[in-house]
Amino acid sequence: MNQQNKSFNIVLFQPEIPQNTGNIVRLCSCTNSKLYLVGKLGFQLTDKYLKRAGLDYWDDVDIKQIPTLEELIENNSGSNFYYLTTKTKSSFTDIKFKDGDFLVFGSETKGLPSEIIEANPDKTLTIPMFIGKRSLNLSNSVSIVLYEALRQNNFWD
């Protein structure tokens with residue numbers, strides 16, 4: 001399979017900071033990933049900071065706005081969904097990602113709702129950090145996990 005056919009799905013649940021989402025748009029463009037914006041956004045899609053951070057990559061990315069996470073899951077039944085959180089011990093490096101998986105990230109200040117984490121204990125993953133640290137930047141977190149998924153799937157072949 002050549003790299004143009006490999007694709008992961010990035011899901012941002014109620015993102016709040018336009019610059020993070022703009023950076024993630026660029027990341028999705030450079031990795032052939034789809035982007036799903038779920039729920040209430042903390043900015044308008046016309047926000048100048050969002051557009052500036054995404055530069056001229058906007059037309060290269062398949063971006064869908066979905067009202068609820070439940071709707072996204074229903075529309076993609078049979079797909080793997082992984083939920084990134086600081087509230088688990090399972091590292092993202094312990095998973096064998098597959099082409100087409102959905103990587104779900106919460107908002108910058110609240111993360112994912114506890115009911116999502118509790119309902120999916122075998123699908124919640126974290127990026128290990130030193131004890132006492134709260135979290136990484138959202139766009140950095142997406143980059144770290146996405147590039148591991150791409151590495152596992154021989155993105156460069």
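On a 1 Å grid over the protein atoms alone, a pocket is an open set of points where a 1.4 Å probe fits, with protein on both sides within 12 Å along at least five of seven lines, and its lining residues have an atom within 4 Å of a point. The model is predicted, and totals for linings use all residues, while local features need pLDDT of at least 70. Residues are numbered from 1 along each chain as its sequence is written.

The second largest pocket is lined by residues including Thr 86, Thr 88, Lys 89, Met 129 and Arg 134, and by class this lining has five nonpolar, four polar and three charged residues. The largest pocket has a lining of 24 residues, of which the closest to its centre are Thr 86, Ser 107, Gly 111, Ser 135 and Leu 136.

Leu 136 is placed in the loop between strand 6 (124-125) and helix 5 (138-152), where helices (H or I, at least four residues) and strands (E, at least two) are DSSP runs numbered from the N terminus. Leu 136 counts as partly exposed because its relative accessibility is 37%, given that buried means under 20% relative accessible area, exposed over 50%, and partly exposed in between (1.4 Å probe, protein chains only).

Most residues other than glycine have a negative phi. Gln 14, however, has a positive phi near 50 degrees and lies in the loop between strand 1 (9-13) and helix 1 (18-31). Asn 154, in the segment after helix 5, likewise has a positive phi, near 55 degrees.

How values were computed
Predicted model: local features only at pLDDT ≥ 70, side-chain atom pairs only at ≥ 80, totals over all residues. Heavy atoms only, no water. Nonpolar A, V, L, I, M, F, W, Y, C, P; charged D, E, K, R; others polar.
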